[in-house]
2 protein chains.
Amino acid sequence: MEPRPTVVPPPIQLRIADDIRMQIERGELTPGDSLPTLAELAERWSCSVGSARAAIALLKAQGLISSGRGKAPVVRVPPRKVIRSSERHQVEKDLAARPEAERAVVGEAETNLNMQISEQEFRSRYDQVEARAALADLFRIEPTDLVLRRRYDSTDRATGLLLSSSVSYMPVALVSPNPALLDEANEPWPGGTQHQLSTVGVEIMTIIDEVTARMPTTAEAQLWGLPDGVPLILCRRISLDANEKVVEVSDAEYPADRTELRFVTPLKPWPKRRSNGGKTSGRQGGRP
Amino acid sequence: MEPRPTVVPPPIQLRIADDIRMQIERGELTPGDSLPTLAELAERWSCSVGSARAAIALLKAQGLISSGRGKAPVVRVPPRKVIRSSERHQVEKDLAARPEAERAVVGEAETNLNMQISEQEFRSRYDQVEARAALADLFRIEPTDLVLRRRYDSTDRATGLLLSSSVSYMPVALVSPNPALLDEANEPWPGGTQHQLSTVGVEIMTIIDEVTARMPTTAEAQLWGLPDGVPLILCRRISLDANEKVVEVSDAEYPADRTELRFVTPLKPWPKRRSNGGKTSGRQGGRP
C-alpha cells in the first residue's frame with residue numbers, strides 16, 4: 001500500500017477541467033447542459049479568463065464538451081453506440097452456405113448501423129497493388145506479389161459524412177481462379193467475403209481481430225465528422241483457413257464515440273465436475 | 001462512384017501537418033528524426049511562423065511527434081506493443097483447475113507486460129460498495145445490494161508510472177460463502193479470479209469483452225505517462241456461468257500506443273464439404 005509518487009500540484013486550468021469533468025461524471029451536469037461562462041469560471045476560481053479558456057479547451061480535447069464558433073460550450077450528447085459483435089463472424093459464415101436468394105437479402109450494412117440502407121451511399125473500389133513487406137509477411141507471399149485491394153465505405157446521404165470505412169486485402173493468386181472476384185461491378189456480393197472465398201475453395205475456420213486506437217488525422221476527423229477529442233478504434237480482421245493460412249486481411253476504422261466492439265469467447269468445461277459443497281474456504285477449497 | 005462532397009480547402013497549418021504525416025507514413029521521416037524548424041517550415045510553405053507552430057501542435061495532439069519544453073520536435077518512437085489475446089481466458093480457466101503448486105507459479109503479470117515482476121509494484125485494494133444501477137442491471141441484483149470491488153494496479157518501480165489498472169466487481173452474496181475471497185490480504189491469489197470463483201461453485205463458461213476508447217483525463221495522462229494525442233482503450237470483461245448469469249465484471253484500461261487487444265474466434269465448419277473444383281466462376285459458383 002505505497003502512496004503514489006509525489007506529483008506537483010496541477011495548474012489552475014487542470015483543476016478547473018477536472019472539477020467540471022467530475023460534475024459530469026456525478027451527473028450534476030448532464031448532456032446538453034451549458035457550462036458556466038469564462039467570466040463566471042474566472043470569478044469562481046479567482047483566476048484569469050485565459051486560464052478558464054484553457055480549461056474549456058482541455059475538456060473539448062478530451063471529448064467531454066462541444067461548442068460551435070461563438071456558441072457557449074455544452075456537455076456533449078454522446079451518440080448512440082453501435083455494437084459490433086464477433087458473433088457476426090459465424091452468422092456470416094452460415095449465411096455464405098445458403099442459396100443466393102437468401103444471401104442476397106441480408107447485407108452487412110443493415111446489421112451495422114442505426115440507419116436505413118436508403119439513407120446511405122455505398123462505394124466499393126477494387127484495385128491490384130503490390131503486397132509490400134507487412135502484408136507479404138502475413139500472406140507468406142513475395143512483397144512484389146499482387147494483392148486485390150478492396151476499399152469499402154458508406155456515407156450518410158444527408159450529411160456526406162462517413163458511416164463506415166474498411167480496406168480488405170486478398171492475394172490475387174488466391175482469388176483469380178474466379179475472375180468475378182476481381183471485378184468491383186459485382187458488389188455488393190450476396191453473402192460477402194466468406195461466400196466469395198468459397199467460390200475458390202476456401203473455407204475460413206478462424207478469425208483474429210486485432211484492436212487498437214489512435215487519434216484521427218485532420219482529414220479523417222473531417223470525413224467522419226468527429227468532435228475534438230474522439231479517437232478512432234482500429235480493427236484488423238485476419239481470416240485463416242483450416243491450415244492456419246491467412247486468406248484475407250481487412251482493416252476497419254470506427255469512431256470511438258459511436259462504436260463498441262464486443263467479442264464473445266466460449267470456454268471449454270473443466271475436465272471433471274466439482275461438487276458444489278458451498279462449505280469450502282481458503283485457497284485450497286473447492287478445486288474443480 | 002460519386003465524388004466526395006465538396007469541402008473547403010484546408011487552412012495552411014492542416015496542409016503542413018498532413019504533409020509531415022504522409023512523410024512519416026511513407027517512411028521518409030522515421031522515429032527519432034527531427035522535424036524542420038518553425039522558420040524552415042514557414043519559408044518552405046510561405047506562411048507565418050504561427051501557422052507552422054499550429055501545424056506542429058496538431059501533430060503532437062495526434063500523437064505523431066513529441067517534444068519536451070525547448071526541445072526540437074521529433075517523430076515519436078512508438079513503444080513496443082503488448083499483445084493481450086482472448087486466448088488467455090481459456091489458459092486461465094485451465095490453470096484454475098490445476099493444483100495450487102502449479103497455480104502459484106504463473107501470474108497474470110508475467111504474461112502481460114514486457115517487464116520483470118521485480119521491476120513492478122502491485123497493489124490490490126478490496127472494498128464493498130453498492131452496486132448502483134448499471135452493475136445491478138448486469139448482475140440482476142438490487143442497486144443497493146453490495147458488490148465486492150477489487151482494484152488492481154501495477155506501477156513501474158523505476159518511474160512510478162502506471163503499467164496496468166483494472167477494477168473488478170462481483171456480488172458479495174455470490175462470493176461470501178468463502179470469506180477468504182473478501183480479504184485483499186489473500187492477493188495475489190494463485191490461479192486468479194477463475195479459481196476464486198471455483199471455490200464458491202462457479203465455473204465461467206463464456207467471457208464477453210466490450211471494447212471502446214476515449215481520450216484520457218489530465219490525471220490519467222499523468223499517471224500513465226501518456227504523450228499528447230494517445231487514447232486509452234477501455235475493455236469491460238463480463239464473465240458468465242453456464243446459465244448465462246453474470247458472475248464478474250472487470251473494467252481495464254490500456255494505453256493505445258503500447259497495447260493491442262487480440263480476439264480469436266474459431267468458426268464451426270460448413271455443414272457439408274464442397275468439392276474444390278477451381279473452375280467455378282460468378283456468384284453462383286462453388287456454393288458450399
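## Symmetry

Copies are superposed by least squares on the C-alpha atoms of residues with pLDDT of at least 70 in both. In this predicted model, chain A is superposed on chain B by a rotation of 180° with 0.1 Å of shift along its axis, at an RMSD of 0.1 Å. The two copies are thus related as by a two-fold rotation axis.

With contact meaning heavy atoms within 4.5 Å, 100% of the interface residues of chain A are also interface residues in chain B, so the copies meet through the same surface.

## Conventions

This is a predicted model in which local features need pLDDT of at least 70 and side-chain atom pairs count only at pLDDT 80 or more, while totals for chains, interfaces and linings use all residues. Residues are numbered from 1 along each chain as its sequence is written, chains are lettered from A and ligands numbered from 1 in the order in which they are written, and side-chain values use heavy atoms, leaving out hydrogens and water.

## Backbone details

Most residues other than glycine have a negative phi, and most peptide bonds are trans. Glu187(A) and Pro188(A) are joined by a cis peptide bond, with omega about -5°. A cis peptide bond also joins Glu187(B) and Pro188(B), with omega about -5°.

Glu244(A) is not a glycine, yet has a positive phi of about 65°.
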